[in-house]
Amino acid sequence: MTPWLVVGLPALAAVLGVAVRRDDRLAGAVAVGAAAVTLLLAGIAWGLAGRPTTVSPGPRLRAGELLVPLDLLSDPTRAALATVVVLVALAVQVYSTWYLATDDRYGQFAATVSLFTSAMLLVVHSGDLLLTVVGWEVMGWCSYLLVGHWSRRPSARRAALKAFLVTRVADIGFVLGVVGLAAGAGTTSLAAVLAAWDRPDACVDAALADGSTVGAALTACEAPDARVRALLLVLLVIGVLGKSAQVPFQDWLADAMEGPTPASALIHAATMVAAGTVVLASVYPVFADSPTARWFLGLAVSVTMLLGALLAFAQSDLKRMLAWSTVSQVAVMLAGVAAAPAEAGPDAGLFHLWAHALFKSLLFLAVGWAALAAGGTLAVALRGAAGAAPVLRVAFAAGFLSLAGVPLVVGGQSKEHVLATVWDGAVAVDGPGLLVLVALVLTSAVTAAYSTRGYLVLTVHTRQRPSAGRVPVAVTVVLWLLVGLSVLGGLVVVTGAFRLAPISLLWLLLTTLVVGVGVAVALRGGLDRDPADVLARRLVPVADRGLGADALYRRLVARPVLRLARVVAFVDTEVVDAYVRGSAVATRATGWAGERLHRGERPSAGVGLVLGAVVVLGGLGVVLWS
Amino acid sequence: MVVSLLLALPAAAGLWLVSGGRALGVRPARLLTAVTAALTLGLAVAVVVLGAEVDRPWLPELGVRWSFGVDGVSTPLLLLTAGIGLLVALHAWVEVPAGGSPATFLGCLLVVEAGALATFAARDAVLFLVAFEVVLVPMWVLVGRYGDPHDPRARTEAAQRFVLYTAVGSTTMLLGILLLVASAGTADLRALAGGAGLGTGVQLGVAVLLVVGLAVKVPVVPLHTWLPPAHTTAPTAGSVLLAAVLLKMGTYGLVRLPVASVPEGFGVLAPGFAVAGAVGVVWGGLVCLVERDLKRLVAYSSVAHMGFVVLALAAGSQTGLQAALYGNVAHGVVSALLFVLVGGLKHRWGDVDLAVPRPALRETSPRLGFVLVLGLAASLGLPGLAGFWGEVLAVYAAWAPADDRPRVVLVVCAVVAAVGAALAAAYSLRVAGIVWVGDRPDPDVARTPDTSGMERWILAALALAVVVLGVAPMLVMSVTADAVAGVVGAR
C-alpha cells in the first residue's frame, strides 16, 4: 500500500473542495468523506507497514547534477504518526461542520484543512528533503489562511501575517540547511543525505586502532567536515524552532488563536508545530553525531518549555493558555530528540507527539464548545462552562490529566519515556542532557499546576447552566472518541510502532511526585479561586502580552528592515536612476554645445578647432615620446 | 518551412495591421489578431514536435544564414511566447487602450510576438541580434501611444527611456557579437558553443560586452531602472509581453551567447554577476516593501525574481542552468498572471495606489481575490506553484557551484538570496493584506466588479499554468535537460 495514496487523497479533497466551496453541504461531505477514507487507508497502511523502511519511488526530478527522487518512505513509526494526523484531521473536519455551520466561508476552510493535512502527511512520509520543504512551506501557507480565516477582523489579519512571516524568517535557515545537506550528497534523497553526512565510525575506529591520528583517520575515511555539518544542522534547527514556535520565535503561536478553534486544534495538535520533531527525527542519525546542534536545540527547548509553561499558567485567556502549553509541550517533544543518547533514537519524542496530538486536539475542541456556550475564551467567562454538556466534563478531566502527565494515561506515559530518555542522555554526558532534564522536571510541575487551574476554572467552578445550542451527535461522538484515546492511547506501545526502551517503576513514582507538587501548589488558594489570581496576579498582564516579544520583533526586525527598504527605494530613484537621467541631460547638453559651436562665428570656431588640434597633437606627442 | 511560416505569419499579419489595415475596426482587427495568434501557437507546437528547422544563405557577403530551429533551451520559451501571445490577443476582448487605432495596437502586439519568436528560434548570432532589435519599435509604440492615458508626459518619458536604455544595451551587445563573430569566423550559434577555440583575452572582452548589453534587458541591478516606469505606463497587454517575453529574451541571450559561446570569459565575470543577482533579489524585495503603486511593485518583484535567475546562471553548473531556464518560464507565467490582474484592477479603479483605501477583494470580488492570492503565493515561492522550483534550485546551485567558481562568494550569494525569499513573503503578504483582505465592505461604497467573460478565462488559463508548472516541474526540466548538459558539458 503506497503512502502516495494517503498523501494524495487529502490533496485531491482540497482541490475538489475549492471547486465546490460555494455549497456548504457538498464541501463538508467532500472534506469529511475524504478524511474518513484517508483514515481507513492510513490504518491499513499501518497494519501492513513493517521494518525495514520501504521506499515508494517518486516521480524523480533530474535537475542537472542534482537528483531529486521525491520518494516517500513508510515504516510503522511513520504510519502511526500519519494515522494520528489523519485522525485529528477527521475530528477537526467533523467538528467544523458544526462549529462553522453559519460561516460564509466554510467551504474554503474545509478545503484548506484538507490541504494542511496532506502537507503534514507529506512531511511525515517524506523520503526526500526537498519534499519535506514542500510540505513544510505548504503548511505555513495553510496556517496563514486558517489563522486569518476571519479576515474581517484586523486582529486575525495581523495574527495571520505574523504567523507566516515569523515562520518564514526562520525558514531561511531551514532552506539553507536542506540545501547544504543536499549539496553534500548530490541528491536530496534522505537516505543518501544521511549516508553522506554520517560519521564513518567503523572505518575511523579501525584506523585509530591501527595507530593513526584522529585527523589522518578522518581524512582516510573521507569523513564529512564536522563543523560544516554542525552549521547545517543548526540552520535546520533554526527552521524547526520557527515552525514549532520555540524561543526566540515563540510569539506567533499565541496570536494564532485568532483563528477558528478547529484550526487551532489542527495546527497545535497534529500538524505544523509538531512537524519539526518529525523532521529532526528523520535526520536523527546525523543529528545525533553533532553535539553543537544538540546543544543549540537543547538550550532553546529548555528555555522554551519552562517559559511556555509559566506563561500558560498566567494567561487570562484559556485558549491562549492552551497555546502556550503547546509551545511548552512541543519543547518536551524536541527535548526527546535533543537529549536522547544516540543509540536510543528519537522515538520517545515521537511518542510524545502522538500523545500530545490526542489530548491537545481534545482540549481545543472541548474549549471551543465551552467558549461557544459561555460566550468567550477568557478564564472569567469560561468559569464552569463545562456544565454545558456531560461529555465536556469528562473531556476536560481526561485532557488535563493527560496534559499534566499523570501516570498511565497517554500523556503521562509519553512524558515518562521522554524523561527516562533524557536521563539516559544526561548520564551519557555528551550533550545538553542535564540542562534539559532539569528544565523538564520543573516544566512537569508547572504543567501540572496550570492543568489543575484549567480544570478548576472550567469544571469545578459552577454557574448557571450554559448552553451552546443544539450540538450534533457526531461532534459528541468525536469528543468521546478522543477522550477514549487520550486515556488509552498509550496502548500504541504494544504495537511496536515506537521503539521505546522499557522504563522502570521509579519513573512512575517520580512523575507522580512532580505532578503532585504542581497540583498542590495550584490548589493553595482553595478550590473556589482561580490559581492564577492567587499565585501570579502580577504576572498575568505581562504574560498576556507574551513578555512583550511582539514589540521586540518589531523593534529588532520589522522596523530596521522597513527603514532599510526606504533607504533602498530612495537610492533606487535618486542615485541609481540619477545616472540615467544624468546621461540624458549630458547628451542634451552636448547637443546644445555642438549646435552652438556650429552656429558660432567663424573666428571663434576656428580658434576652438586649432586649440583642439593642439591638445590632441600634444597628447599624442607625449604618449609617443614616452 | 514550418519555422519560416511560424515567424512570417504573425509578422505579416502584424505589419499589415499597422500599415494597410490601420483603419480596421476593433472587431475585425481583434478577430484577425486572435486567429493569427492561435495559428501561431499551433505552428509553434508543430515546430517543437516536428523539430522543424530551416537553414539557407541569407546575406552571403556577410556569411549570415537564414537559420532557425529549436532545441531544449529554446523550446519552453518558444511555447511560452506563443501561449502568452494568444492570451494577449484575447485580452483585446477585455480592454483595447485608447491612444490610436486599435488595429495598430494589435498589430504591434503581433510584431512583438514575431520578434520574440525569431529571437528564440535564431541559430545565427547576427540573426539573433536583428530579431532582438525588431521588438523594440513596436514595444515603444505600445508604451508611448497606448500607455496610461492619465499622464502623457510620463508616458512619453517611460517609452523613450525604455527604447534608449535598451538600445544602449543592444548596441553594447552588437559590439560583443561583432567581436565574437569576427574572431571566431562564424556566426552559427551551434558552432560557437563551447568557446570556438577563442583565447581567454578575447573571450573576456566578448563576455563583458555581451553580459553588460544583455543585463540591461534582463534586467540586472543596477541596470534596471527602465523597467518600473515602462511597466507602470504600458497597457496591460504591453506589460504582460514585457514581463513574460521581453525579459526572457535577455536571459535567453545570456545562456546562448556568453554562457555557451565564451564560457571562460563568462567564468571570470561570474562572481560579480552572481553578486548582482543576489543584490537584485534583496534590492527588489526591499523596494517592494515600501512601494505604493501596485504595478510598480510587481515590476520590482520581477527584478527580484530575475535576480534568482541571474544567480543560477552565474553558478555555472547544470543545476544552475536548469534552475535559470525553469525560473525564466515560471516567472513568465506568474508575472503575466499578476500583470493581467493588476492591469484589470487599474482599469477598474483608475489607479493602483496602495495608499488609497478600497473595499477588500475577498469581500467584493472573490474570483479576482482568489487569483490575486494565487499569484502572490506563487510570487513568494510557495511549493506546488510555479515560482518555487526555480528559486530553491537557484539557491542550491549557488551553494554547490561549478568547480571553477569561487565557492565562498557564491555561498554568500545563496544566503543573501534565501533572505530575499523571506522578503518576497513579506511584500506579497503586504499586498494581500492591503488589497485582498479587509473589513466587511460598506454597502454604500461602490463594489469592485468581479472578473467575468474573457478576462476570467485568461486568468484561469494562467492560474492553471502556474499550478501545473509547480506540481510537475519535470515538464520543463526534462525538455531542457539534454540541451543544458550540452551547454555545460561543452566547456
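Chain A of this predicted model is divided into two domains, domain 1 covering 290-544 and domain 2 covering 547-586. The C-alpha centres of these domains of chain A lie 45 Å apart. The model scores ipTM 0.93 and pTM 0.92. In chain B the average pLDDT is 90, and 99% of the residues score at least 70.

**Overall build of chain A**

- Chain A contains 27 helices and 4 strands.
- The C-alpha trace of chain A spans about 110 × 70 × 50 Å along its principal axes.
- Chain A has 626 residues, of which 58% count as buried.

**Nonpolar core**

- The largest nonpolar core holds 444 residues, and the members touching the most others are Ala335(A), Ala370(A), Leu311(B), Ala398(B) and Ala417(B).
- Helix α17 of chain A (residues 347-374) gives the most to this core, contributing 21 residues.
- Apart from neighbours within four places in sequence, Ala335(A) is in contact with Val301(A), Met305(A), Val418(A), Val422(A), Val436(A) and Leu440(A).

**Contact between chains A and B**

- Chain A puts 38 residues into the contact and chain B puts in 42 residues.
- On the side of chain A that touches chain B, at least two residues each come from β2 (61-63), α5 (129-147), α6 (154-185) and α26 (549-599).
- α6(A) supplies the largest share of that side, 13 residues.
- By residue class, the side of chain A that touches chain B has 25 nonpolar, 4 polar and 9 charged residues.

**Two helices checked for length**

- α5(A), one of the elements that supply the contact with chain B, has 19 residues and should span 27 Å at 1.5 Å a residue; its end C-alpha atoms are 27 Å apart, so the two values agree.
- α5(A) is also mostly covered, with 19 of its 19 residues buried.
- Helix α7 of chain B (residues 152-184) has 33 residues and should span 48 Å at 1.5 Å a residue; the separation of its end C-alpha atoms is 47 Å, which agrees.
- After α7(B) comes Gly185(B), whose phi is positive, near 80°.

**Cis peptide bonds and positive phi**

- Most residues other than glycine have a negative phi, and most peptide bonds are trans.
- The bond from Arg51(A) to Pro52(A) is cis, with omega near 0°; Pro52(A) sits in the loop between α2 (24-48) and β1 (54-56) of chain A.
- In chain B, Val221(B) and Pro222(B) are joined by a cis peptide bond with omega of about 10°. Pro222(B) belongs to the loop between α9 and α10 (227-233) of chain B.
- Leu70(A) is not a glycine, yet its phi is positive, near 55°. The loop that holds Leu70(A) runs between β3 (66-68) and β4 (72-74) of chain A.
- Leu70(A) counts as partly exposed because 19 other C-beta atoms lie within 10 Å, and a buried residue needs 20 or more.
- Ala245(A), also not a glycine, has a positive phi of about 55°. Ala245(A) is in the loop between α10 (226-243) and α11 (251-255) of chain A.
- Ala245(A) is buried because 30 other C-beta atoms lie within 10 Å.

**Selected sites in chain B**

- Thr200(B) is located in helix α9 (residues 200-217) of chain B. Thr200(B) has 13 C-beta neighbours inside 10 Å and therefore counts as partly exposed.
- Thr200(B) and Glu291(B) are 91 residues apart along the chain, and their C-alpha atoms are separated by 43 Å.
- Ala355(B) lies in the loop between α14 (318-349) and α15 (361-364) of chain B. Ala355(B) has 7 C-beta neighbours inside 10 Å, so this residue counts as exposed.
- Ala355(B) and Ile434(B) are 79 residues apart along the chain, while their C-alpha atoms are separated by 8.7 Å.

Definitions and conventions: Residues are numbered from 1 along each chain as its sequence is written. Chains are lettered from A and ligands numbered from 1 in the order in which they are written. This is a predicted model: local features need pLDDT of at least 70, side-chain atom pairs count only at pLDDT 80 or more; totals for chains, interfaces and linings use all residues. Domain bounds come from an automatic or database domain assignment. A residue is buried if 20 or more other C-beta atoms lie within 10 Å of its own, exposed if 12 or fewer, and partly exposed in between; C-beta atoms are placed from the backbone. The expected span of a helix is 1.5 Å times one less than its number of residues. pLDDT is the predictor's confidence in each residue, from 0 to 100. A nonpolar core is a set of buried Ala, Val, Leu, Ile, Met, Phe, Trp, Tyr and Cys residues joined through C-beta atoms within 7 Å. Two residues are in contact if their C-beta atoms, placed from the backbone, lie within 7 Å. Ala, Val, Leu, Ile, Met, Phe, Trp, Tyr, Cys and Pro count as nonpolar, Asp, Glu, Lys and Arg as charged, and the others, Gly among them, as polar.
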